[in-house]
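Here are my notes on this one, in the order I would talk them through. Have the viewer open while you read.

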Amino acid sequence: MSGHGAAIPMSSRPCGPLSGTAEVPGDKSISHRSFILGALCVGETRITGLLEGQDVLDTGRAMRAFGAEVTRHDNGEWSVHGVGVGGFAEPGNVIDCGNSGTGVRLIMGAMATTPITATFTGDASLNGRPMGRVTDPLALFGVQAHGRSGGRLPMTIVGAPEASGVEYTVPVPSAQVKSAVLLAALNARGETRVIEREATRDHTERMLAGFGADISVDTTEAGRVITLQGQPELRPQAITVPRDPSSAAFPVCAALIVPGSDVLVPGIGLNPTRAGLFTTLREMGADLTYENEREEGGEPVADLRARFSPDMKGIAVPPERAASMIDEYPILSVVAAFAEGRTEMRGVKELRVKESDRIDAMAQGLRANGVEVEEGEDWWIVTGRGPDGVPGGATCAARLDHRIAMSFLILGMAAETAVSIDDAGPIATSFPIFEGLMGGLGAKLERSAD
Ligand code: S3P
């Protein structure tokens, strides 16, 4: 079952060359933050290119529940009339964040230092994920959290009145945790310092600076030190959301493995904290080029061109690159299945606590389709079949995880026989136009009765 409806079984048959232009939707991380930061300033924030995926729409609904006005205009732009730092009202009902870890963790941070109480829930996937990583640092501000065992949702957050700034070293590489602390720090008195040993996506820092917060980032021996002064008056912004590199990964990787393909994926955000997959693919020998490199809305952007690459070789992905491609390991493992030799992915324990346990989900599905996978707690290795090809033929469980669902559908495009998934419903959380967009390039996706 999808989070919000009946399951949508889907299969993907081997197809001819993929060709054309793939205009993928806006960046999910930046879209969530646009709604939340827009809600934290007085006046109108205007957003162009917002991802209208279920995860982001759930965050927009939550911002309304905290008192902001969130409106979609006929031309597809969105506007947020915010309530200011510390201005959130107490919601009248439970906040349902659906499938979105980013949504719930960032919103918990954003409300944490306002003296209101809010209860959060989500779908079966989200309600199984750890929230202690966010509520532990929020407790330093004086916030109380009452959830289920293991720090899981549903959970009630009692905001801290009159919080003061804190110093916190993030114990796991997580942009969500870092961002939750920074958002909580907005309504705390004085200075907050957040230290991350490994750099994670920095959209919150960049956007807070854009909204007028007093924030600085220093690179030290201890890692990145982010210093934020509390209680700023944020200024509303006009935001243009770049297209999502994590969504671009799917048509790019499909083009690399389907014989004869040549696909252009324009306007992709290439923030270095997000672009690790593309570096890795090029090291494997992918024919992937950046065209028309430019800057848009403070983020580096390029058009990606991906062509069929029959000579890719497996590599050891440097563990220090993991944070910059953390959402892309499932689709990388599909490309690795078609490369020659072993692709080693280490230092990726975080994959076990995403929308699903992504190592287990991909390992089981790849094996069922004839690909050898070894795994440990924080590593996995895919042995590529190179010229032998991937047999395919299995039905895989999507496990309420959009990236698992899309990865197996891409596998089916280049395997010898069709690959099916039990539920394509979760794809709508991040890439609602996936089916039509891939079909437009020549993919053969079919909704099946199953
Ligand atoms: C995100 C951070 C990452 C990523 C998620 C989006 C964000 O999660 O997996 O899809 O927008 O901050 P973690 O912070 O758990 O690594």
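Which element gives the largest share of the shell around the ligand? That share, three residues, comes from α1.

A word on the basis first: this is a predicted model, where local features need pLDDT of at least 70 and side-chain atom pairs count only at pLDDT 80 or more, while totals for chains, interfaces and linings use all residues. Numbering starts from 1 along each chain as its sequence is written, and side-chain values use heavy atoms, with hydrogens and water left out.

1. The ligand shell. The residues around the ligand include Lys28, Ser29 and Arg33, along with Ala175, Gln176 and Lys354; a residue is near a molecule if one of its heavy atoms lies within 4 Å of it. The space taken by the ligand is the largest pocket. The elements giving two or more residues to that shell are α1 (28–39) and α5 (175–185). Helices here are DSSP runs (H or I, at least four residues), numbered from the N terminus.

2. Ser29 has a polar side-chain atom 2.7 Å from an oxygen atom of the ligand. For Ser174, an N or O atom in the side chain is 2.7 Å from a ligand oxygen, and for Lys354 a side-chain N or O atom is 2.7 Å from an oxygen atom of the ligand. On its own the ligand has 390 Å² of accessible area, and the protein covers 95% of that; accessible areas come from the Shrake-Rupley method with a 1.4 Å probe.

3. Buried or exposed? Cys97 counts as buried at 2% relative accessibility, and Cys253 is buried with a relative accessible area of 0%. The word buried means under 20% relative accessible area (1.4 Å probe, protein chains only).

4. Met406 sits in helix α11 (residues 402–414) and counts as buried, at 0% relative accessibility. Its C-alpha atom and that of Lys444, 38 residues apart along the chain, are separated by 13 Å.

Terms used: Buried means under 20% relative accessible area, exposed over 50%, partly exposed in between (1.4 Å probe, protein chains only). A polar contact is a pair of N or O atoms within 3.5 Å; within protein, one must be able to donate a hydrogen and the other to accept it, and residues adjacent in sequence count only if both atoms are side-chain atoms. On a 1 Å grid over the protein atoms alone, a cavity is a set of points where a 1.4 Å probe fits but cannot get out, and a pocket is an open set with protein on both sides within 12 Å along at least five of seven lines; lining residues have an atom within 4 Å of a point. A molecule sits in a cavity or pocket if more than half of its atoms lie within 2 Å of its grid points.
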